[in-house]
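The report is written for a reader new to protein structure.

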Amino acid sequence: MGDDAVAREQARLLRQAIHRAGIARDQLWLHYFSLGGEAGEIEVDAYLHQSFALPPFQRDLLAHAANELIARIPRPRAPYVSDLVDGDNAAED
């Protein structure tokens with residue numbers, strides 16, 4: 001697979017990941033920029049729509065920024081007894 005095809009697939013999957021996580025494009029860009037990203041917000045938006053090419057390092061930095069933001073999203077988890085009961089007074093079954 002050539003770099004153009006890789007870039008298009010990477011952009012498509014990145015757009016899908018941030019959409020599913022509920023991350024706004026401007027939030028992604030700001031975090032990417034804070035990590036040292038060099039592309040402007042308009043270029044990142046165009047990349048996400050597969051109409052602008054970014055170099056591999058910048059694409060990976062965007063992916064890294066997205067993955068960091070996704071990792072910060074609280075996920076549902078199963079509660080422990082201590083999560084449901086105050087103090088040492090466990091519920092009796």
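The sections below describe helix packing, an aromatic pair, and some residues in a loop of this predicted model.

## Helix α2 against helix α4

Two packed helices are described by the angle between their axes and the distance between the axes. Helix α2 covers residues 25-34 and helix α4 covers residues 56-71. Their axes are 9 Å apart and form an angle of about 115°. Angles of 65 to 115 degrees count as roughly perpendicular, so α2 and α4 are placed in that class. The crossing of α2 past α4 is right-handed.

On the α2 side, the contact is made by Gln-27, Leu-28, His-31 and Tyr-32. On the α4 side, the residues are Gln-58, Leu-61, Leu-62, Ala-65, Ala-66, Glu-68 and Leu-69. Sorted by class, the contact of α2 with α4 has seven nonpolar residues, three polar and one charged.

## Helix α2 against helix α3

Helix α3 covers residues 41-48. The axes of α2 and α3 are 10 Å apart, and the packing angle is about 120°. The two helices are therefore oblique to each other. The crossing of α2 and α3 is also described as right-handed.

From α2, the residues in this contact are Arg-25, Asp-26, Leu-28, Trp-29 and Tyr-32. They meet Glu-41, Val-44, Asp-45 and Leu-48 of α3. By class, the contact of α2 with α3 has five nonpolar and four charged residues, and no polar ones.

## Inside and after helix α3

Which residues of α3 are buried? They are Val-44, Ala-46, Tyr-47 and Leu-48. These buried residues of α3 pack against α1 (3-21), α2 and α4.

Gln-50 follows α3, and its phi is positive, near 60°.

The structure holds one aromatic pair. The pair consists of Trp-29 and Phe-33, whose ring centres are 5.0 Å apart and whose planes are at 20°. Planes under 30 degrees apart count as stacked, so the rings of Trp-29 and Phe-33 are a stacked pair.

Both Trp-29 and Phe-33 lie in helix α2, four residues apart, which is about one turn of the helix. An α-helix has 3.6 residues a turn, so residues three or four places apart point the same way. The two partners fall into separate accessibility classes: Trp-29 is buried at 17% relative accessibility, whereas Phe-33 is partly exposed at 46%.

## Two residues in the loop between α2 and α3

Leu-35 lies in the loop between α2 and α3. With 33% relative accessibility, Leu-35 is partly exposed. Leaving aside its neighbours within four places in sequence, Leu-35 is in contact with Leu-61, His-64, Ala-65 and Glu-68. Among these, Leu-61, Ala-65 and Glu-68 also belong to the contact of α2 with α4. The C-alpha atoms of Leu-35 and Leu-14 are separated by 17 Å, and the two residues are 21 residues apart along the chain.

Glu-38 also has its place in the loop between α2 and α3. Is Glu-38 buried or exposed? Its relative accessible area is 66%, so Glu-38 is exposed. Leaving aside neighbours within four places in sequence, Glu-38 is in contact with Tyr-32 and Gln-58. Both Tyr-32 of α2 and Gln-58 of α4 take part in the contact between those helices. From C-alpha to C-alpha, Glu-38 and Leu-61 are 9.6 Å apart in space, and they are 23 residues apart in sequence.

Technical notes:
Residues are numbered from 1 along each chain as its sequence is written. This is a predicted model: local features need pLDDT of at least 70, side-chain atom pairs count only at pLDDT 80 or more; totals for chains, interfaces and linings use all residues. Side-chain values use heavy atoms; hydrogens and water are left out. Axes are lines fitted to C-alpha atoms, for helices over the stretch in contact, and angles run from 0 to 180 degrees between N-to-C directions. Angles under 35 degrees count as roughly parallel, over 145 as roughly antiparallel, 65 to 115 as roughly perpendicular and the rest as oblique. A crossing is left-handed if the near helix is turned anticlockwise from the far one by less than a right angle, and right-handed if clockwise. Contact means heavy atoms within 4.5 Å. Ala, Val, Leu, Ile, Met, Phe, Trp, Tyr, Cys and Pro count as nonpolar, Asp, Glu, Lys and Arg as charged, and the others, Gly among them, as polar. Rings of Phe, Tyr and Trp (its six-membered ring) pair if their centres lie within 6.5 Å; planes under 30 degrees apart count as stacked, over 60 as edge-to-face and the rest as tilted. Buried means under 20% relative accessible area, exposed over 50%, partly exposed in between (1.4 Å probe, protein chains only).
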